[in-house]
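Reader: I would like to learn how to read a model of a protein chain, one feature at a time. Please give the general idea, then the case.

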Amino acid sequence: MSATRVLVLNSGSSSVKYQLLDMRDSSRLAVGLVERIGEGTSRLKHTPLTGGGEEREREEPIADHEAALRAVADELSADGLGLDSPDLAAIGHRVVHGGLKFTEPTVITDAVLAEIQRLVPVAPLHNPANITGIRTAQALRPDLPQVAVFDTAFHTTMPESAARYAIDVATADEHRVRRYGFHGTSHAYVSRKTAWLLGKAPEDVNVIVLHLGNGASASAVRGGRCVETSMGLTPLEGLVMGTRSGDVDPAVVFHLARVGGMSIDEVDTLLNKKSGLVGLCGDNDMREIRRRIDGGDEAAALAFDIYIHRLKKYIGAYYAVLGRVDAIAFTAGVGENAAPVREAAVAGLEELGLAVDGALNAVRSDEARLISTEYARVAVAVVPTDEELEIARQTYALVATLGDPS
């Protein structure tokens, strides 16, 4: 295939993140972000990474996603990287929810779009924005293959015993209620990269991946296949997050409605936007929480302890699910940068073969690395995630099977 570039688009409700990559060596040619789309003043930040170009930033009204992508196309063209380039092989789109139907990257057709639309009730915040981005990109380059890479796809290998909730089967099936999991492209990338760190093939390694950002999720990966994950029907279940509660007794919802007089929408907002770390101590930035702890703040200390307690519960549970664990990998903003979180999450788990080397853990680096002690039976790794590269690789591999249109 003569064309080697892939444009990766991540369309949110009011933003578009993008990266242009050359798949000959997986190098980035440009990265950027358009945010506050549809608001009074939008912001576009564009960084060319080749040819000596400088970062550019502008603020202006950008009415919708079509205008945003046209602005992105203009910025790329200014660097000689326009969407009309014959070197552009495909556009890869992050799509949050693919349900059970989409287990692999998929060339987008009208039928595929209709299915993504059908899944909007289980991803009301994300799938509509993803669809808008896809349709806009199709209008700009109707001749170019457009590929959907689904956050949920990596988790479709879970056995039914892990994916099913213990509720009436007919009701669950009618309303598509089950554990789908999210952050799948990150878990796929990090689990493979961890195997590489250990000098082994992914099929020979069992890994617990801890994706710790403002949103947080854990997965148990056996031989390269996900067998359990913490997020469920929605990204609300599981670990304590920046603003999401993670696991709670489902009856909390009924209690708040009956006793607290709260509406369903109010409870939804509480659990998704006013809970987690921000609900516990008023901050969802782990750096600020650690600063407050160092200053003797008891609320911040309790929030941190609750966060770590939940992490340890999942490490232990997934250890039991896997039976044998070769490595635990920390990734995403908190996982990659917060040494105290990594240290605390593993502390006391020496009987499970886990121990962190304090000096290695304190090192700041953009490289994947091991931070476990030399005598630890289970490796502890820090692996910077790269969801855009994962999307680009999956997109390019799929398009390569279609043949070279040129």
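This is a predicted model: local features need pLDDT of at least 70, side-chain atom pairs count only at pLDDT 80 or more; totals for chains, interfaces and linings use all residues.

Reader: How many helices and strands does the protein chain have, and what are its overall dimensions?

Author: Helices (H or I, at least four residues) and strands (E, at least two) are DSSP runs, numbered from the N terminus. The protein chain has 15 helices and 14 strands. Its C-alpha trace spans about 60 × 55 × 45 Å along the principal axes. The radius of gyration is taken over C-alpha atoms, and the globule rule is 2.2 Å times the number of residues to the power 0.38. For 406 residues a compact globule would come near 22 Å, and the protein chain has 22 Å, so the two agree.

Reader: What share of the residues is buried?

Author: Buried means under 20% relative accessible area, exposed over 50%, and partly exposed in between (1.4 Å probe, protein chains only). Buried residues make up 51% of the 406 in the protein chain. Contact means heavy atoms within 4.5 Å. Of the contacts between residues at least 6 apart in sequence, 63% join residues at least 24 apart.

Reader: How do I read strand β1, and which strands pair with β1?

Author: In a regular strand the side chains alternate between the two faces of the sheet. In β1 (residues 5–11), R5, L7, L9 and S11 point one way and V6, V8 and N10 the other way, and all are buried. Two strands pair if DSSP finds at least two bridges between them. β1 pairs with β2 (residues 15–22) in the antiparallel sense over 7 bridges, and a hairpin of 3 residues joins β1 to β2. With β6 (residues 88–95), β1 runs parallel, over 5 bridges. V8 shows both pairings: it stands opposite Q19 in β2, and its bridge partner in β6 is G92.

Reader: Why is strand β4 called largely enclosed?

Author: In β4 (residues 42–48), 6 of the 7 residues are buried, so the strand is largely enclosed by the rest of the structure. β4 runs antiparallel to β3 (residues 27–35), with 6 bridges, and V34 has L44 as its bridge partner. The hairpin of β3 and β4 has 6 residues between the strands, and R36 takes a positive phi near 60° there. β4 is also antiparallel to β5 (residues 56–60), through 5 bridges; S42 is partnered by E60 in β5.

Reader: Which residues of helix α10 are buried, and which are exposed?

Author: An α-helix has 3.6 residues a turn, so residues three or four places apart point the same way. In α10, M286, I289, R292 and I293 are buried. Seen down the helix axis, the buried residues fall within an arc of 120° (taken from the directions from the axis to the C-beta atoms), so they line one face of α10. On the other side, R287, R291 and D294 are exposed. The cover over the buried residues includes α9, α11, α12 (332–337) and α13. At the start of α10, a side-chain oxygen of D285 comes within 2.8 Å of the backbone nitrogen of R287. After α10 comes G296, with a positive phi near 90°.

Reader: Which residues have the most contacts inside the largest nonpolar core?

Author: In soluble globular proteins, nonpolar side chains tend to be buried together. A nonpolar core is a set of buried Ala, Val, Leu, Ile, Met, Phe, Trp, Tyr and Cys residues joined through side-chain atoms within 4.5 Å. The largest has 44 residues, and those with the most contacts inside it are L210, L212, M286, Y307, L311 and V341. α11 gives the most to this core, with 11 residues. Apart from this core lies another, of 32 residues, among them F154, V205, Y396 and V399.

Reader: Where is T243, and what does its side chain reach?

Author: T243 is in the loop between β11 (225–229) and α7 (251–258). Its side chain reaches the backbone oxygen of N272 at 2.8 Å. This is a polar contact: a pair of N or O atoms within 3.5 Å, where within protein one must be able to donate a hydrogen and the other to accept it, and residues adjacent in sequence count only if both atoms are side-chain atoms.

Notes. Residues are numbered from 1 along each chain as its sequence is written. Side-chain values use heavy atoms; hydrogens and water are left out.
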